[in-house]
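Hi,

Here is the structure I promised to pass on. Have a look first, and my notes on what turned up follow below.

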Amino acid sequence: MMVRGQELRVFLEAVRVVNAGLFGEMRERLEEQGCPASQLFAQCIAEGRHLADCAIQVHWGDAVPAESVGWHTDAPNSAVHMAISVFGKRVLHAELAGSEVAIDAAEKRADAQTAGDVYVACPATFSHGVEYMAGEWSDRMVAIQCRFLLSFEEMTSILLHPDCSFERTMMEVIGPFMQGRQLILPDMEALQDAERCLDQKHELPLWWKSHACVAIEAGREAGRACEIL
């Protein structure tokens with residue numbers, strides 16, 4: 001299986017389009033809540049920056065067994081997070097608790113992820129870690145993590161805001177909103193529509209232009225660099 005930058009871009013655009021109703025409703029609720037973090041995430045949705053920060057994770061070599069996983073909580077850009085398994089196998093370990101459950105009574109879950117699996121979660125709000133199997137490069141694990149696309153200044157403003165508005169946003173808006181909902185994965189028709197739409201776009205949105213790390217003209221080469229061989 002091979003994933004190229006353009007194919008990933010089309011897939012994520014299609015995900016945003018077929019779930020426009022869900023994300024539109026989330027945006028409305030964020031705007032109603034009104035705290036700084038909520039306003040920022042609402043702006044991100046309006047600008048198409050949800051599920052737009054992609055990190056490709058690769059693991060091969062020694063195993064990382066369940067007792068040795070690196071437990072952590074993600075940064076605020078994982079307020080809504082989609083993970084796509086491309087190659088291999090890994091196991092997601094998580095500690096989950098409802099709002100009325102004591103932290104020390106949190107449920108521990110282990111969910112195996114294999115090629116083709118997709119999950120959506122809010123890992124900025126719960127502790128989790130990943131178990132990896134031992135393997136050679138030929139059977140390596142590859143997964144793509146898709147998050148809100150935030151600038152360094154935006155991330156800092158969330159983390160350092162004096163009223164802890166990020167916690168309010170997650171507890172009052174995003175967490176309750178996502179509970180019980182499912183993201184729709186696009187079919188072939190939706191993918192083809194997204195590809196045609198992207199082919200017609202010759203200008204990057206204003207935010208993307210002002211925060212781009214590379215020249216716009218280098219975009220095609222950057223896309224090739226995303227290829228997984």
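Let's start with Leu 92, whose bridge partner in S6 is Val 130. Strand S3 (residues 89–96) and S6 run antiparallel and are joined by five bridges. By strands and helices I mean DSSP runs numbered from the N terminus, with at least two residues (E) for a strand and at least four (H or I) for a helix. Two strands count as paired if DSSP finds at least two bridges between them.

Before going further: this is a predicted model, where local features need pLDDT of at least 70 and side-chain atom pairs count only at pLDDT 80 or more, while totals for chains, interfaces and linings use all residues. Residues are numbered from 1 along each chain as its sequence is written, and side-chain values use heavy atoms, leaving out hydrogens and water.

Back to S6. Five of the five residues of strand S6 (residues 128–132) are buried, so it is largely enclosed by the rest of the structure. Buried means under 20% relative accessible area, with exposed over 50% and partly exposed in between (1.4 Å probe, protein chains only). In a regular strand, side chains alternate between the two faces of the sheet. Here His 128, Val 130 and Tyr 132 point one way from S6, Gly 129 and Glu 131 point the other way, and all are buried.

S6 belongs to an open sheet of three strands, ordered S4-S3-S6 and paired antiparallel. Strand S4 (107–114) and S6 are its edge strands, each pairing on one side only. From one strand to the next, the twist averages 20 degrees. (Axes are lines fitted to C-alpha atoms, for helices over the stretch in contact, and angles run from 0 to 180 degrees between N-to-C directions.)

There is also an open sheet of four strands, in the order S1-S7-S2-S5, again with antiparallel pairing. Strand S1 (53–59) and strand S5 (118–121) stand at the edges with a single partner strand each, so one side of each has no neighbour in the sheet. Strand S2 (residues 81–87) and S5 run antiparallel and share four bridges, and His 81 stands opposite Ala 121 in S5. Helix H1 (residues 5–18) lies across S1, S2 and strand S7 (141–147), at about 140 degrees to S2.

Now the helices. What angle do H2 and H5 cross at? The axes of helix H2 (residues 20–33) and helix H5 (residues 165–178) come within 10 Å and cross at roughly 155 degrees. H2 and H5 are therefore roughly antiparallel (over 145 degrees; under 35 is roughly parallel, 65 to 115 roughly perpendicular and the rest oblique). The residues of their contact (heavy atoms within 4.5 Å) divide into seven nonpolar, two polar and four charged. Nonpolar covers Ala, Val, Leu, Ile, Met, Phe, Trp, Tyr, Cys and Pro, charged covers Asp, Glu, Lys and Arg, and the others, Gly among them, are polar.

H5 also packs with helix H3 (residues 36–46), at about 65 degrees and with the axes 7 Å apart, which makes H3 roughly perpendicular to H5. Pro 36, Ala 37, Ser 38 and Phe 41 of H3 meet Ser 165, Phe 166, Thr 169, Val 173 and Ile 174 of H5. That contact has six nonpolar, three polar and no charged residues.

Overall, the protein chain has eight helices and seven strands, and buried residues make up 40% of its 229 residues.

Cheers
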